[in-house]
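Thank you all for making the time this morning.

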Number of protein chains: 2
Amino acid sequence: MTEEEFVVTPWEVEGHVDYNKLMALFGTEPIDGQLLKRFERLTGSIHPMLRRSLFFSHRDLNWLLDRYVAGEKFALYTGRGPSGHTHLGHLMPWIFTRYLQDAFDVDLYFQMTDDEKFLQKDPLSLKETKYFSYDNALDVIALGVNPKKTKIFINTDYAKTLYPIALEVAKRVTFSAARAVFGFDNSTNIGMIFFTSMQSAPVFLPSIIEGRKVPILIPCAIDQDPHFRITRDVAAKIGYYKPALIHSRFFPSLLGFDKMSASIPETSIFTTDTPQEVRRKIANAFTGGRTTVQEQKLLGGVPDVCAVYQYSFCLFEEDDARARKLREGCLRGERVCGFCKQELADKVVTFLERHQAGREKAKDHIEDFIIRD
Amino acid sequence: MTEEEFVVTPWEVEGHVDYNKLMALFGTEPIDGQLLKRFERLTGSIHPMLRRSLFFSHRDLNWLLDRYVAGEKFALYTGRGPSGHTHLGHLMPWIFTRYLQDAFDVDLYFQMTDDEKFLQKDPLSLKETKYFSYDNALDVIALGVNPKKTKIFINTDYAKTLYPIALEVAKRVTFSAARAVFGFDNSTNIGMIFFTSMQSAPVFLPSIIEGRKVPILIPCAIDQDPHFRITRDVAAKIGYYKPALIHSRFFPSLLGFDKMSASIPETSIFTTDTPQEVRRKIANAFTGGRTTVQEQKLLGGVPDVCAVYQYSFCLFEEDDARARKLREGCLRGERVCGFCKQELADKVVTFLERHQAGREKAKDHIEDFIIRD
């Protein structure tokens, strides 16, 4: 793979992603200044993740806001493939989703695809993916989603509800259409071929529950878009709205851009990590720094390739002025990596201390959020 | 398609089926005299459908009887694709299944594949296939299956139980394996590709419920064998017994061998037909008779291609001597078609009168048989 090449599917992100090319390839639209202003008018502010283009692309967002303005409440739908513990990269879209829930006062449907991860990952059992579904749900709850308006469901525990809806999708998706979107081959198992139907099903669930056509907004990393292209094709055929989407970039890896794999623990900070683990991982992180302090002072650092800077930019520095100062200090060679790492580690440890307390509290009221058959 | 060609898949039976070729093609074994004697020793008799080779082929039946003799109770598993009303052809394997349940005093798991028929048949809705599931269940119950030992389930109503088991199958079946068995192509919908996993799931259900490896015997028409070839491949990999099978021939069409389609009402007698409908359909049936009574007396009829004779042979003349007399009378030209049709119509009308009363009674205690999530 050359530097210009990259692959983005729901199960694989490889290479250095060019997000403009990806939008053109997927056929999505950029979030432009006009759309940001519309958000500001409707909600009173622009979330930092929007301002910073961490959420950068969409489908039918103007249509969704039209419906909202016309008095049609939408519902949010997002989810998680529970293949292990949650890492900070997973939290990014969930934090944004929680903000959307608050800003628009809407329901959130949160899917745990224990079936998908079991089918996709050879050594994982269904018992394990269900275990991680419950574990990951604690993270969602700890972020402060609205207990009255959030429904978390695990696919195998909610199959009596979801499977019939998934059948309505599956009947209308040919093998060749699915292959074109996901790149399946002869060795793909037949569960993975069907699975996209289960990810589509919750798009239609609120409409079925409420007995009206409910507009849906799906905040997700852009690698999940292919599933919902399928859903959108089917939606009109079965008499529902096409879901709108808002897409995030991928969260940076601690070891640099081309090593996004969450299956290498050292590339990610998990919400279950101890302060020692956090500090060790950040100490080993890939930065945009030079080999010596002298060179750093002379040439300046490269924050745009620096995992430590990206972490701050994505999650740990909401103040724009301070973020700019951080970036410019690095570019001018006034900051050294050790200092930035120390600063980030302190912030992450503080954040996780609070988040882990939230996870503990969530254990007592998880059942307020879970829906099952 | 020439006279020698035929196609047999779970969704299509076309041409004049050569059962010996089919056994060779599918890799199943014939039910021979030794096996019949073993049945007689174990159950005290040989059921007419076995004697007459209406059930003619099997997989691992000797192994299953070995387990039975060694004290391991097996369970029966069969089912129905509920795309419409039940016809007499569907009853044939169910009557045999009921006999097996009685003879061996075992549990019967009966699957209604409302998902499959919805996915396969374009105009059918899930509401319709579920409606026919309940309707068809009345026929199963009316045949006298044991209420204490029979569990009837409709896939979409039992998906919370079945879907996780189906996933264990699906994970272990590649697209190319499924395509090789079923002949899928690019236009096959992704639900149909997955569906075989749902048909496999009940094979493992008794083992999961009872917490021991339960041997399974599946009585079915031989077109269903491909599904269970897949199941058998997977069974060992997930620590269960391979299911044994006993295969029936296809029930004759009223309009002759090459018109098996149950979607043409005139080819089949439905359990919901009125006496008038029964008599009209039988009056129009294809027979092995000659064009004139003179020719019939001179040349004799051809019972082996006669739908009326086949109906008697399969379901309406259990007495071997009388069946032989019927056949020989026809061959010698002593019988004319009108007489045979009258005789058969009387028998079918009498049978259906009793069966329809059984269906009515079944409505009051159907819930004793149905299991759902």
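Let me begin inside chain A, at Val203(A), which has its place in helix α10, the helix that spans residues 190-210. Please keep in mind from the outset that what you see is a predicted model, and that every value I quote is computed from it. Is Val203(A) buried or exposed? With a relative accessibility of 2%, Val203(A) counts as buried, because the cut-off for that class is anything under 20%. If we set aside the neighbours within four places in sequence, the residues in contact with Val203(A) are Tyr77(A), Ile216(A), Ile218(A), Phe228(A), Thr231(A) and Pro243(A).

Chain A contains 16 helices and 9 strands. Its radius of gyration is 21 Å, close to the 21 Å that the globule rule gives for 373 residues, so chain A is as compact as a globular protein of that length. Along the principal axes, the C-alpha atoms of chain A fill a box of roughly 65 × 50 × 45 Å. Of its 373 residues, 56% count as buried, and, among the contacts in chain A with a separation of 6 or more, 78% are made by residues 24 or more positions apart.

As for the surface, chain A exposes about 15500 Å², and 51% of that area is supplied by carbon and sulfur atoms. On the side of charge, chain A carries 48 positive and 49 negative side chains, and the centres of these two sets lie 3 Å apart.

Now to the second copy. What rotation superposes chain A on chain B? The answer is a rotation of 180° with 0.0 Å of shift along its axis, and the RMSD is 0.0 Å. That is the relation of a two-fold axis. The same surface serves both copies, in that 100% of the contact residues of chain A recur in chain B. If you want a landmark for the axis, the residue of chain A that comes closest to it is Lys160(A), whose C-alpha lies at 2.5 Å.

Asp60(A) has a phi near 60°, which is a positive value in a residue other than glycine, and Asp60(A) is found in the loop between β4 (55-59) and α4 (61-69) of chain A. At 26% relative accessibility, Asp60(A) counts as partly exposed. In chain B, Asp60(B) likewise has a positive phi of about 60° although it is not a glycine, and its loop runs between β4 (55-59) and α4 (61-69) of chain B. Asp60(B) is partly exposed as well, with a relative accessible area of 26%.

Finally, let me take you to a lysine in chain B. Lys281(B) sits in helix α12, residues 275-283, and with a relative accessible area of 3% it is buried. Not counting residues up to four places away in sequence, Lys281(B) touches Leu254(B), Pro265(B), Glu266(B), Ser268(B), Ile269(B), Phe270(B) and Asp273(B).

How values were computed
Residues numbered from 1 in each chain as written. Chains lettered and ligands numbered in written order. Predicted model: local features only at pLDDT ≥ 70, side-chain atom pairs only at ≥ 80, totals over all residues. Heavy atoms only, no water. Helix = DSSP H or I, 4+ residues; strand = E, 2+ residues; numbered from the N terminus. Rg over C-alpha atoms; globule rule 2.2 N^0.38 Å. Buried < 20%, exposed > 50% of the residue type's maximum accessible area, 1.4 Å probe, protein only. Contact = heavy atoms within 4.5 Å. Areas by Shrake-Rupley, 256 points an atom, 1.4 Å probe, with all protein chains shown as cover. Lys, Arg positive; Asp, Glu negative; His and termini not counted. Charge placed at Lys NZ, Arg CZ, Asp CG, Glu CD. Least-squares fit on C-alpha atoms with pLDDT ≥ 70 in both.
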